[in-house]
Amino acid sequence: MPNPTPKNWSDTPEKGNLFVLRLCLWLYRLLGRGVFLGFMSVIIFWYWLFSPRTRRASLAYLHRVHTQAGTHSPFDSTPSLWHTYRHLHAFGRSICDKIHGWSGGVSESQLHLFGHEHIRRHYGKGAVILVSHFGNIELLRAIKSDHSQQVNVLVYNKHASAFNAFLQSVNPKAGVRLISVDDMGVDTAIMLQERLDAGEWVIIASDRVPVRSERKQAVMFLGEQAYFPEGAWHLAHLLSAPVVAVFCYELSGAYELHIHPLSDDLRLPKKERQAVLHAHIQDYAHVLESHCLHAPYQWFNFYDFWQK
């Protein structure tokens with residue numbers, strides 16, 4: 001299992017992540033879901049015990065949630081080390097849910113859908129879907145299981161082809177393609193436009209600033225300014241595509257899937273580009289914050305998200 005405690009999110013080696021995913025898949029198939037969850041609980045406890053940076057990052061985030069929520073806090077008391085263990089335990093369960101989702105083990109009937117109509121109208125049509133390191137976007141597959149909807153996931157690493165092979169080994173019918181965008185150029189933009197024109201979805205994470213990128217905006221998030229990337233918004237503007245934010249996660253033993261329409265046809269006018277861009281990113285941060293307050297343990301950015 002990868003160490004979720006780097007100073008910066010990009011410090012985590014992707015190649016190690018792929019090895020761990022293969023190992024988890026093998027154990028999941030060998031042991032079954034129930035035993036695998038028990039195994040993950042032991043591993044998570046070990047990491048929690050010997051990773052003080054993880055505990056500090058988790059506790060700082062949980063305190064922000066508690067303070068921001070005020071009298072509506074999701075916690076009965078001020079978050080403590082026990083809450084940080086529950087936070088990491090949710091992270092461990094999410095690995096199991098990822099495999100379950102990749103394998104097609106979650107059907108649409110098992111989801112509590114909120115705003116389904118906002119994505120239903122994009123079946124067979126192009127759309128940019130914003131996600132975050134919150135919950136399990138793999139559950140999105142359940143609502144397209146009855147539709148031949150191709151999904152393209154943009155990732156910031158050089159191992160997209162290896163991950164594609166891994167996903168194919170889990171479920172050849174998953175309809176998911178990973179595309180590396182470390183070097184976003186004209187060829188990539190043309191290819192993505194072709195995907196959208198073919199009615200495919202393009203998914204991009206919008207909560208982590210890419211390595212060495214200055215294309216970011218500081219917006220209010222859980223009571224303090226934090227940097228969010230601009231990339232997804234520039235891409236949606238370039239492709240003239242509708243933008244939808246999706247959040248999928250487990251809460252109280254049930255799977256929830258929330259869809260938020262953000263723009264039908266994103267435009268960033270040249271004279272007001274920075275102001276309009278800032279407003280869009282702030283709106284997205286507000287939506288993300290609302291889910292953090294609703295399901296705080298589903299936030300999986302185990303580093304100082306607010307570092308300057």
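## Before we start

A salt bridge here is a side-chain nitrogen of Lys or Arg within 4 Å of a carboxyl oxygen of Asp or Glu. One example is the pair Asp265 and Arg267, whose closest N and O atoms are 3.1 Å apart.

What you see above is a predicted model, in which local features need pLDDT of at least 70 and side-chain atom pairs count only at pLDDT 80 or more, while totals for chains, interfaces and linings use all residues. Residues are numbered from 1 along each chain as its sequence is written, and side-chain values use heavy atoms, with hydrogens and water left out.

## The protein as a whole

Welcome to the overview. Of its 308 residues, 53% are buried. The word buried stands for under 20% relative accessible area, exposed for over 50%, and partly exposed for what lies in between (1.4 Å probe, protein chains only).

A contact means heavy atoms within 4.5 Å. Among contacts with a separation of 6 or more, 76% come from residues 24 or more positions apart. The protein exposes about 14300 Å², and carbon and sulfur atoms supply 56% of that area. Accessible areas come from the Shrake-Rupley method with a 1.4 Å probe, and for residues only the protein chains shown count as cover.

## Salt bridges

The structure holds 4 salt bridges. One of them joins the side chains of Glu224 and Arg64, at 2.9 Å from N to O. Glu224 belongs to strand β7 (residues 224-229) and Arg64 to helix α3 (residues 52-69), so this pair ties together parts that are 160 residues apart in sequence. Glu224 counts as partly exposed because its relative accessibility is 30%, and Arg64, at 21%, is partly exposed as well.

Another salt bridge brings together the side chains of Glu250 and Arg93, with 3.1 Å from N to O. Here strand β8 (residues 243-251) supplies Glu250 and helix α4 (residues 81-102) supplies Arg93, so parts 157 residues apart in sequence are tied together. Glu250 is buried at 17% relative accessibility, whereas Arg93 is partly exposed at 26%. Returning to the opening example, Asp265 is partly exposed with a relative accessible area of 38%, and Arg267 is partly exposed at 42%.

## Val131 and its surroundings

Val131 sits in strand β2 (residues 127-131). Its relative accessibility is 6%, which means that Val131 counts as buried. Setting aside neighbours within four places in sequence, Val131 touches Ile137, Ile203, Ile204, Ala205, Ser206, Asp207, Val246 and Tyr284. Val131 also has a C-alpha to C-alpha distance of 9.0 Å to Cys248, a residue 117 positions away in sequence.

Phe19, Leu23, Trp26, Leu30, Leu31, Val35 and Phe39 make a nonpolar surface patch of about 700 Å². Patches are built from residues with over 30% relative accessible area and no salt bridge; like charges are joined within 9 Å, and nonpolar side chains (Val, Leu, Ile, Met, Phe, Trp, Tyr) within 5 Å. Helices α1 (14-31) and α2 (33-50) are the elements that give two or more residues to this patch. The most come from α1, with 5 residues. Leu31 lies in this helix α1 and is partly exposed, at 32% relative accessibility.

Helix α2 has 18 residues and reaches 26 Å from its first C-alpha to its last, close to the 26 Å expected at 1.5 Å a residue. The expected span of a helix is 1.5 Å times one less than its number of residues. Which residues of α2 are buried? They are Phe36, Leu37, Met40, Ile44, Tyr47 and Trp48. Seen down the axis of α2, these buried residues fall within an arc of 110 degrees, so they line one face of the helix; the arc is that of the directions from the helix axis to the C-beta atoms. The face turned away from the buried side of α2 carries the exposed residues Val42 and Phe50.

The buried residues of α3 include Thr54, Tyr61, Leu62 and Val65. The buried residues of α3 pack against α2, α4 and α10 (273-294). Just after α3 comes Gly70, with a positive phi of about 60 degrees.

Definitions and conventions. Helices (H or I, at least four residues) and strands (E, at least two) are DSSP runs, numbered from the N terminus.
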